[in-house]
Each structure stands twice: as C-alpha cells, then as structure tokens.
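Biologist: Please take a close look at the aromatic rings here. Which of them pair up, and where do they sit?

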Amino acid sequence: MNQLPVPGRDTVYVWTGRTTGDQRELARRLLRRAGGALLGRPEAEIGVGRAPGGRPEVYAAGGRTLPVSVSHVDGMVVVAARPGGPVGVDVERRRPLPATPLARRWYDPDEAAWLAARAEAGRELDFLRLWTAKEAVGKALGTGLRDGGLRRRMPAPDGGELLRPVPGCPGVRVGHPAGGAGLVLAVAVAGAAGPVEVALA
C-alpha cells in the first residue's frame with residue numbers, strides 16, 4: 001500500500017489476504033505490512049507480538065506502536081490498523097443459519113425484533129452484519145464479547161455513514177466496508193472524536 005496516514009484525518013486501514021497454508025503466518029506478514037506503511041519503517045524492522053491480554057501488537061524501534069486487529073475465516077485473513085487509536089475487525093463467511101431464533105437468544109430484544117421484521121431473504125446477511133459489528137466493537141473496546149457484548153446494541157446495518165456511532169458508547173463507531181464475495185466484514189473504532197474513514201489496501 002502506498003497510502004500513508006493523512007494528517008488530521010482519522011482513518012482505519014484494512015489489508016486482506018488469502019492462503020491455503022498457515023493463517024497465522026499470513027497474519028504476521030499483513031501486520032508487518034501495516035506497520036511498515038503506517039509507522040514509516042521497513043517491514044523487516046517491524047515487530048509483531050501479543051500485548052498483555054492477548055491482543056495483537058505491532059511495534060517499531062523507539063517504542064512506536066500501532067493499534068491493530070486481526071480476524072480470519074476459511075483461509076481469509078483481515079488486518080485493520082488505525083494510527084489514531086483502538087480498532088477492531090471481524091469477518092464471517094455468508095452462510096445459511098437460523099437468524100431469527102439466534103437473534104432472539106443472543107441479541108438485544110430491539111435488535112431481534114428489527115431482524116424479525118426484515119425481509120426473510122436478507123435476514124441471514126443482517127444477522128451476520130450485527131454479529132460482526134458486535135465482534136469488531138468488542139475488539140476495539142478490548143473486551144471482546146464478555147460482559148454482555150452480544151447484547152450491546154449496534155446501529156442498524158442498512159446504509160448511511162460508513163462508520164456509524166454505536167448507541168450508548170460515546171466515541172465508538174462501526175461499519176461494514178466491502179469484504180468481498182460471500183464475506184461480511186465489520187470495522188470498529190473506539191475513541192473517535194468525529195468521522196472515521198476506511199481505506200482498503
């Protein structure tokens with residue numbers, strides 16, 4: 001990626017890759033690529049590890065770090081990085097599932113009712129959009145889905161601004177950039193002071 005952070009513009013950068021081999025190795029390569037592009041260092045000088053609590057960590061000499069998040073499904077790896085603060089990403093493959101019963105079991109009652117009122121043909125996709133949004137927000141907050149994360153309300157995933165404010169979570173935004181055929185991708189940020197852009201690498 002030739003694009004570097006634009007001063008004064010809060011941006012999430014997203015890299016994707018596919019492999020039939022080791023997804024962890026592909027994730028490390030994508031994390032180094034993100035670090036090289038956004039920390040301004042050669043990829044060989046970028047370190048990749050785990051922060052306390054298990055979050056992925058990207059760092060360069062001098063203690064410079066880059067907030068990152070990783071998700072993978074069926075040989076697809078997605079890395080999100082945000083120089084401006086915490087970030088979360090989640091990807092799922094579109095697939096048949098009992099969307100309405102699952103939503104009633106796991107989601108906020110208002111979300112379950114919203115999903116049940118949607119056209120049947122789009123319910124599975126809407127369920128997965130809500131699910132990936134919840135996962136991405138949990139990663140951006142550093143909590144995952146613990147402590148009621150599945151019941152945390154998300155903005156309805158039906159258009160509007162790309163990264164939308166999450167109800168009841170000041171500074172948290174989430175959205176669904178294009179993830180590729182058959183995939184549902186969600187990106188979230190925490191600590192946003194205003195609009196956040198997404199740049200797909």
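Modeller: Here is a walk through the aromatic pairs, one at a time.

This is a predicted model, where local features need pLDDT of at least 70, side-chain atom pairs count only at pLDDT 80 or more, and totals for chains, interfaces and linings use all residues. Residues are numbered from 1 along each chain as its sequence is written, and side-chain values use heavy atoms, with hydrogens and water left out.

A search of the whole structure finds 3 aromatic pairs. Rings of Phe, Tyr and Trp (its six-membered ring) pair if their centres lie within 6.5 Å; planes under 30 degrees apart count as stacked, over 60 as edge-to-face and the rest as tilted.

Take Tyr13 and Trp15. Their centres are 6.5 Å apart, with 40 degrees between the planes, and the pair is tilted. Both Tyr13 and Trp15 are buried (under 20% relative accessible area, with a 1.4 Å probe and protein chains only).

Now Tyr107 and Phe127. This pair is stacked, because the ring centres are 4.9 Å apart and the planes are at 15 degrees. Tyr107 lies in the loop between α2 (99–106) and α3 (109–117), and Phe127 in helix α4 (residues 123–141), so the pair ties together parts that are 20 residues apart in sequence. Helices here are DSSP runs (H or I, at least four residues), numbered from the N terminus. Tyr107 and Phe127 are both buried.

Ring pairs also bring in Trp131, making a cluster of Tyr107, Phe127 and Trp131.

Conventions. Buried means under 20% relative accessible area, exposed over 50%, partly exposed in between (1.4 Å probe, protein chains only). Helices (H or I, at least four residues) and strands (E, at least two) are DSSP runs, numbered from the N terminus.
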